[in-house]
Amino acid sequence: MAVVRTDLATPHKLAPAATPSGYGPADLQSAYNLPSSTAGSGQTIAIVDAYDDPTAEADLAVYRSQYGLPPCTTSNGCFRKIDQNGGTKYPRANGGWAQEISLDLDMVSAVCPNCSILLVEASSNSFANLGTAVNRAAATPGVSAISNSYGGSDAPDATYGSYYNHPGIAVTASSGDGGYGVEYPASSHYVTAVGGTSLTRASNSRGWSETAWSGAGSGCSQYNTALSGQASVNTGCSMRAVADVSAVADPSTGVAVYDSTAYQGRSGWLVFGGTSVSSPIIASVYGLAGNHSTIDNNYPYSHASSLYDVTSGSNGSCTTTQWCNARTGWDGPTGLGTPNGTGAF
C-alpha cells in the first residue's frame, strides 16, 4: 500500500515564538489582490490530512483571534472535523501531521476568512485512506474545494483517480518540495496541481515580487493524460504536466502558523513553507471565486491573463528548459503563475 508524505517545509533554523513572524492574512491578501473581506460566504473548503490533530479547533481560534478574523468554531457552524467515514472516531494523534493540519486551516482562514472549513482526518497516510477521506469530503454537502497537501511517487489515475475525480468541486494538490520531479496526486488529470514561489516585498506597483521556489515539484507524468488546456502553452510533455498554478511556498519567505501539539520540541507560533502552503491557498482562492460548479481544472489555462506570471527562478536541472526553469508563460515550477484576484479561478 502506497504511503505518502506531507509537503510541509520548515526553515533550517526554526524557533517557536510567543508572537507570529512570517506572512499573515493581510500579506497574502495584498500579494494576491484578493477580495477576502467581501467574498467567500456560503463556501466550504475541505482540508484532507492524515491522523488526528487533537488541538485543531483550539489552535485555529488562536490564529484567527491574533489576526482579527471572525471566529470559526463547531458551535457557530463554521468549523467541522470528521474522520474518513464521516464520524468522530478520530485516528491516533501525530505531531507532524498536526502541524500540517494547523497550517492548512490557517491558510484557509488567511485567504478566505468568510469560508467554512471541513477537516477530514484519514486513518493513515496511505493513498487508500487519504483517498477515502477525499471522497468523504466530496460527498459532504456544500464543499466547494478540497485541498491535498501531500504526495507520493507519480502514479496512474487508473489506480487512484476515482479519489480525485469530482466534477463541480475544485480539487488542489501540492506539487512537492523536492525540486524537479513529479508527485501524485498533483500528477492526476483530475486536480489543480499547485507549485511554489518565493514571495518578497518589492518597490513596484504590485508591492511584491515572486520567483520560482527551488523546492517546487514539476515535470511530466509517466501515466496520466494531459489537460486539454495545456495544448496551447507548450509544456513539452506528451502527458500531464505539473504544475498548473502556484503561490508562496519558500520557507525562507514563509507563513505564520499556530500549533500547540508539540512535534520535535516545537509548538506555538511557527513559520512554515512548502507546497503545503500553496495548495490550501489556491483551494481558498477557488472558494473566493465561487465558480466551482461551472468550471474544471482547465479554467486557469483560458484565463491566464488574471494571473501574475512568474518568469525567473529554477528548481533543478532538466532536459527541457520549461520543466524546471521559470519563463514567460507556463513553466513547471510555477505553472501559469500566481493569483491576481480570482479571475483565473
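Good morning, colleagues. The model before you is predicted: local features need pLDDT of at least 70, side-chain atom pairs count only at pLDDT 80 or more, and totals for chains, interfaces and linings use all residues. Residues are numbered from 1 along each chain as its sequence is written, and side-chain values use heavy atoms, with hydrogens and water left out.

I begin with the overall picture. The protein chain has 7 helices and 17 strands; these are DSSP runs numbered from the N terminus, with helices (H or I) of at least four residues and strands (E) of at least two. Taken along the principal axes, the C-alpha atoms fill a box of roughly 50 × 50 × 40 Å. Of the 345 residues in the protein chain, 61% are buried. Buried means under 20% relative accessible area, exposed means over 50%, and partly exposed lies in between, with a 1.4 Å probe and protein chains only. Contact means heavy atoms within 4.5 Å. Among contacts between residues at least 6 apart in sequence, 79% join residues at least 24 apart.

I turn to one of the sheets. In what order do the strands of this open sheet lie? Its 3 strands follow the order β1-β6-β8, and the pairing is antiparallel. The edge strands, β1 (5–6) and β8 (183–184), each pair on one side only. Two strands pair if DSSP finds at least two bridges between them. Strand β6, residues 150–153, is joined to β8 by 2 bridges, and Gly-152 has Tyr-184 in β8 as its bridge partner.

Tyr-184 also brings us to the backbone. A cis peptide bond joins Tyr-184 to Pro-185, with omega about 15°. Pro-185 sits in the loop between β8 and β9 (192–201). A further cis peptide bond runs from Val-242 to Ala-243, where omega is near 15°. Ala-243 belongs to the loop between β12 (241–242) and β13 (245–248). As background, most peptide bonds are trans, and most residues other than glycine have a negative phi.

Against that background, consider Asn-33, whose phi is positive, near 55°. Asn-33 lies in the loop between α1 (25–31) and β2, and is partly exposed, with a relative accessible area of 46%. Gln-264, which is not a glycine, likewise has a positive phi, of about 50°. Its loop runs between β14 (255–263) and β15 (266–272). At 59% relative accessibility, Gln-264 counts as exposed.

The next topic is charge. The protein chain carries 13 positive and 23 negative side chains, and the centres of the two sets lie 3 Å apart. Lys and Arg count as positive, Asp and Glu as negative, while His and the chain ends are not counted. The place of a charge is taken as NZ of Lys, CZ of Arg, CG of Asp or CD of Glu.

How many salt bridges does the structure hold? There are 5 salt bridges, each defined as a side-chain nitrogen of Lys or Arg within 4 Å of a carboxyl oxygen of Asp or Glu. One of them joins Asp-52 and Lys-81, at 2.8 Å from N to O. This pair links distant parts of the chain, 29 residues apart: Asp-52 is in the loop between β2 (44–50) and α2 (56–66), and Lys-81 is in strand β3, residues 79–83. Lys-81 also forms a salt bridge with Glu-121, where the closest N and O atoms are 3.9 Å apart. Here the two residues are 40 apart, with Glu-121 in strand β4, residues 116–122. Both Lys-81 and Glu-121 are buried. Through shared partners, Asp-52, Lys-81 and Glu-121 form one network of salt bridges. Asp-52 is buried too, with a relative accessible area of 9%.

Elsewhere, Asp-244 and Arg-240 meet in a salt bridge of 2.7 Å, N to O, and both residues are buried.
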